[in-house]
Amino acid sequence: MEGETLTWNGSAPEGGAVKTIEETTLTLSGESFEGSLSWILTWEQDGGTQECSGSTDLTAVRNTHVDYVDKDGDGYTPFQNDCDDFAPAVHPDALETCDDGIDNDCNGRRDCQEKACAAEPFCAECAGTDLDGDGFYTAGGLCGEVDCDDTRPEVFPGASEVCDGRDNDCDGRIPSKELDRDEDGFARCEDDCNDSDRTISPAVTEDCTDGIDNDCNGRTDCEDRRCAGEASCAVCVANDRDGDGFSTVAEGCGRVDCDDTDAERHPGLPEVCDGKDNDCNGDIPAEETDDADGDGIAACADCDDQDPIRFPGNAEVCDGVDNDCDGKVPDGEVDDDGDGKLLCDGDCNDHNSRSFPGNVEICSDKIDNDCDGRIDDASCTCPDADGDGYRLTGCVLGAEEGDDCNDTEKEIFPGAPEVCSNGIDDDCDGWTDCRDGDCFLDPFCAPCLENDRDGDGASSLGEQCGPVDCDDDDPSRYPGAPELCDGIDNNCDGSPMFDEVDEDGDGALACNDCDDADPDRYYGAVEVCDGVDNDCDGRIPYDERDIDHDGRLLCGGDCNDYDPRSYFGGPEVCGDGVDNNCDGVVDEASCVCPDGDRDGFFMAVCSPGGDCDDSNPEVSPGAAEDCSDGKDNNCDGKVDCSDPQCTFDPSCTVCVENDLDGDGFSTVGGQCGPIDCDDADADRWPGRNEVCDGKDNDCNEIIPPDEVDGDGDGVLLCEDCNDGNSAMFPGNPEVCDGLDNDCDGKIPFEERDVDQDGVPLCGGDCNDYNPRSTPGSPELCNDRVDNDCDGSVDEIPCL
């Protein structure tokens with residue numbers, strides 16, 4: 001603000017001309033202007049120089065955020081997507097100029113990149129240099145930013161980065177999370193939880209005794225369902241009633257389940273919107289219980305928890321609002337032409353702001369202005385009723401448009417002398433009597449100037465001076481003034497705007513606050529370590545994200561936010577190669593692995609493949625298996641006759657005879673070990689790892705809940721990417737439906753409907769970057785867009 005030029009918007013007194021205008025320097029302090037603005041206006045009149053002066057107090061002007069200021073006066077602010085607020089010809093509704101190197105309409109494309117400019121002769125050089133059809137060329141110049149890979153439509157300047165190991169946005173860099181540093185075939189964005197160790201990746205089989213999440217599924221050792229059949233995990237399985245992989249036993253079983261009757265609650269489980277403590281951290285997120293608008297829907301399931309008429313399942317009504325939270329405002333509720341009327345409310349042409357119910361019918365414009373079904377009907381006339389040579393304002397005959405604000409009085413017309421005491425706008429300039437600049441020096445108006453202390457043109461007198469100034473000490477407050485985001489009634493209508501309140505008491509009004517229900521969030525707030533976007537910049541700082549969902553943040557002392565086993569103050573676990581307590585040391589001296597039975601073997605939890613019973617010296621790796629004592633003597637996970645060492649032991653002959661499927665488990669029990677639940681199927685035996693086959697492989701009388709085919713597509717949930725949609729399963733051919741039909745993790749580019757107009761490229765959309773261009777849409781005139789996708793731009797007829 002400092003040093004800006006003060007511009008006089010009024011007229012010079014009659015007979016004079018503005019000569020100079022001077023102002024003092026503005027002083028900024030925080031978000032407030034301090035001091036006053038003094039000015040002197042001089043003009044030439046009657047052979048001499050006249051002058052007047054005034055002063056405006058600026059101390060009260062506060063909370064003006066730069067995004068809400070329209071600096072170039074084009075009707076759009078940066079908050080309204082004006083991409084250059086210092087150029088009045090650049091804004092979202094501007095027409096694209098095809099050869100100025102500027103993105104005039106702020107849609108991210110300029111010059112020949114705009115489809116509407118493709119036919120221009122100077123854009124011919126672009127033809128043939130966009131092989132992948134993504135709208136970016138290799139020619140450069142007027143063709144826009146150079147496409148760094150013209151063989152891939154998902155690669156172009158400004159594209160969103162996806163997990164494919166490519167420079168999608170053409171900035172010359174491949175994001176680090178897309179690199180496969182340990183060359184194990186997986187990058188961090190592909191769920192590689194340790195990209196510096198090639199023995200750890202989603203493709204690796206889980207080692208059930210090493211204290212490491214080998215397969216990157218977020219579960220370690222006995223927490224991993226693949227380890228359910230291991231003998232070392234038997235106690236964990238026995239104490240896991242809900243089958244979620246987490247038990248009520250801490251020793252050797254990992255994290256303790258906080259609710260062993262509910263499979264939707266266990267440590268590390270992502271929070272979902274169900275009102276439960278899913279991750280067992282002791283807290284139910286506020287958004288799962290809060291219902292600020294009282295519509296019966298929790299904040300996490302509500303698209304707008306501040307508006308009770310917006311929630312999933314609500315009926316749509318004609319109000320221009322997405323009532324049912326489906327992410328779309330129905331077509332009939334969009335006011336495309338900005339005339340304040342919706343199609344569902346009777347607007348007969350929502351592409352023309354001059355056509356809506358109740359509008360005045362204008363003559364000879366070939367438009368049904370009042371939506372009565374008739375164009376230029378009999379009621380439409382444009383006479384010069386008072387014979388003053390001016391037709392009534394709003395009436396159009398031929399190329400002439402009337403501008404007489406009163407066609408019944410001959411003395412009232414544009415340019416007529418303003419009478420300063422008759423209560424009439426004589427010259428049709430919108431100002432009456434002493435509020436008209438022509439009456440500036442009229443003696444009749446002297447009381448108005450005397451009673452206008454703040455110099456805003458409105459006085460405290462009323463009468464001939466017009467509407468009374470509600471605050472004659474504040475130049476930002478007068479009848480008709482624009483409302484500012486300051487908590488003040490600027491236009492003197494009795495109250496400020498509805499959003500000029502501070503509900504959360506953080507000092508920022510709702511009109512300038514990204515969340516007026518949270519006092520810790522407002523523009524300019526200091527970021528604190530709480531996982532929240534405090535400063536309202538649209539980003540949660542990286543060190544506040546809790547990527548591993550261990551309830552600890554990097555800014556709060558978590559030294560590895562990719563491993564939930566590692567956090568400040570955590571217990572140090574022996575032999576896992578992890579700095580569990582974030583003290584900078586792995587497996588420090590306080591972490592010991594005793595040999596309790598002194599048989600020369602440390603317990604298995606400290607040493608992979610170690611002693612499975614460190615209290616019995618007769619039990620250790622390599623010991624001879626006793627085939628009848630009911631113990632796993634050699635720590636191989638097999639007991640008595642189920643151990644290969646006992647195959648030929650006489651006491652085990654009965655086991656072999658009653659093992660028809662040869663899987664090592666019989667129907668006898670006793671020294672033969674657990675009874676085989678199906679001795680005709682070698683894929684089913686006690687302790688076997690569950691596989692995705694729809695069978696009870698581990699003989700626990702439970703078929704895992706993900707071994708079902710919910711959508712009837714022939715593929716089980718454990719192998720199906722979406723078991724609620726029969727059109728999505730591995731190997732299914734891709735069709736034009738916007739779904740990942742073949743479950744490869746990608747929706748084909750031609751199915752994405754990038755502009756969200758309801759029609760993808762494969763469905764006939766000729767330009768998926770412009771929602772104004774879809775098959776069957778009405779062709780609009782002069783917008784340089786092929787609206788109906790028939791291959792022609794602005795053809796006849798068009799609207």
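In this predicted model, the side chain of Asn-634 makes a polar contact with the side chain of Asp-643, at 3.0 Å. Asn-634 lies in the loop between α2 and α3. With a relative accessibility of 7%, Asn-634 counts as buried, because the cut-off for burial is under 20%. Leaving aside neighbours within four places in sequence, the contacts of Asn-634 include Asp-643 and Gln-645. Also in contact with Asn-634 are Ser-620, Pro-621, Gly-622, Ala-623 and Glu-625.

Disulfides were examined next. A search of the whole structure finds 33 of them. A disulfide is a covalent bond between the sulfur atoms of two cysteines.

The angle about the S-S bond is -80°, and the link of Cys-148 and Cys-170 is left-handed. Both cysteines lie in the loop between β5 (48-57) and α1 (234-238). They are 22 residues apart in sequence, so the pair ties together separate parts of that loop. Cys-148 has a relative accessible area of 45%, and is therefore partly exposed.

Another disulfide is formed by Cys-448 and Cys-465, whose sulfur atoms are 1.9 Å apart. The link of Cys-448 and Cys-465 is left-handed, with -90° about the S-S bond. Here the pair links distant parts of the chain, 17 residues apart. Cys-448 is in helix α2 (residues 446-450), whereas Cys-465 is in the loop between α2 and α3 (653-657). Cys-448 and Cys-465 are both buried.

A further disulfide connects Cys-721 and Cys-743, with sulfur atoms 1.9 Å apart. The link of Cys-721 and Cys-743 is left-handed, at -65° about the S-S bond. Cys-721 and Cys-743 each lie in the segment after α3, 22 residues apart in sequence, so the pair ties these parts together. Cys-721 is partly exposed, with a relative accessible area of 43%. Cys-743 has a relative accessible area of 19%, which is under the 20% cut-off, so Cys-743 is buried.

The largest nonpolar core has seven residues. Its members are Cys-98, Cys-112, Cys-117, Cys-123, Cys-126, Tyr-137 and Cys-143. Cys-112 is in contact with Cys-98, Cys-117, Cys-123, Cys-126, Tyr-137 and Cys-143, among others, when neighbours within four places in sequence are left aside. Phe-122 and Leu-142 are also in contact with Cys-112.

Backbone angles were considered for two cysteines. Most residues other than glycine have a negative phi. Cys-106 has a positive phi, near 60°, and is not a glycine. Cys-106 is placed in the loop between β5 and α1. The relative accessible area of Cys-106 is 18%, so this residue is buried. Cys-789 likewise has a positive phi, of about 60°, although it is not a glycine. Cys-789 is found in the segment after α3.

The structure holds three aromatic pairs. One of them is the stacked pair of Phe-136 and Phe-156, at 5.0 Å centre to centre and with 10° between the planes. Phe-136 and Phe-156 both lie in the loop between β5 and α1, and the pair links distant parts of the chain, 20 residues apart. Phe-136 has a relative accessibility of 3% and therefore counts as buried. Phe-156, at 11% relative accessibility, also counts as buried.

Phe-665 and Trp-685 form another stacked pair. Their centres are 5.3 Å apart, with 10° between the planes. Phe-665 and Trp-685 each lie in the segment after α3, 20 residues apart in sequence, so this pair also ties parts of the segment together. Both Phe-665 and Trp-685 are buried.

A charged group also meets a ring. The charged end of Arg-552 sits over the ring of Tyr-567, 3.7 Å from its centre.

Notes:
Residues are numbered from 1 along each chain as its sequence is written. This is a predicted model: local features need pLDDT of at least 70, side-chain atom pairs count only at pLDDT 80 or more; totals for chains, interfaces and linings use all residues. Side-chain values use heavy atoms; hydrogens and water are left out. A disulfide is a pair of cysteine sulfur atoms within 2.5 Å. Helices (H or I, at least four residues) and strands (E, at least two) are DSSP runs, numbered from the N terminus. Buried means under 20% relative accessible area, exposed over 50%, partly exposed in between (1.4 Å probe, protein chains only). A polar contact is a pair of N or O atoms within 3.5 Å; within protein, one must be able to donate a hydrogen and the other to accept it, and residues adjacent in sequence count only if both atoms are side-chain atoms. Contact means heavy atoms within 4.5 Å. A nonpolar core is a set of buried Ala, Val, Leu, Ile, Met, Phe, Trp, Tyr and Cys residues joined through side-chain atoms within 4.5 Å. Rings of Phe, Tyr and Trp (its six-membered ring) pair if their centres lie within 6.5 Å; planes under 30 degrees apart count as stacked, over 60 as edge-to-face and the rest as tilted. A charge sits over a ring if NZ of Lys or CZ of Arg is within 6 Å of the ring centre and within 35 degrees of the ring normal.
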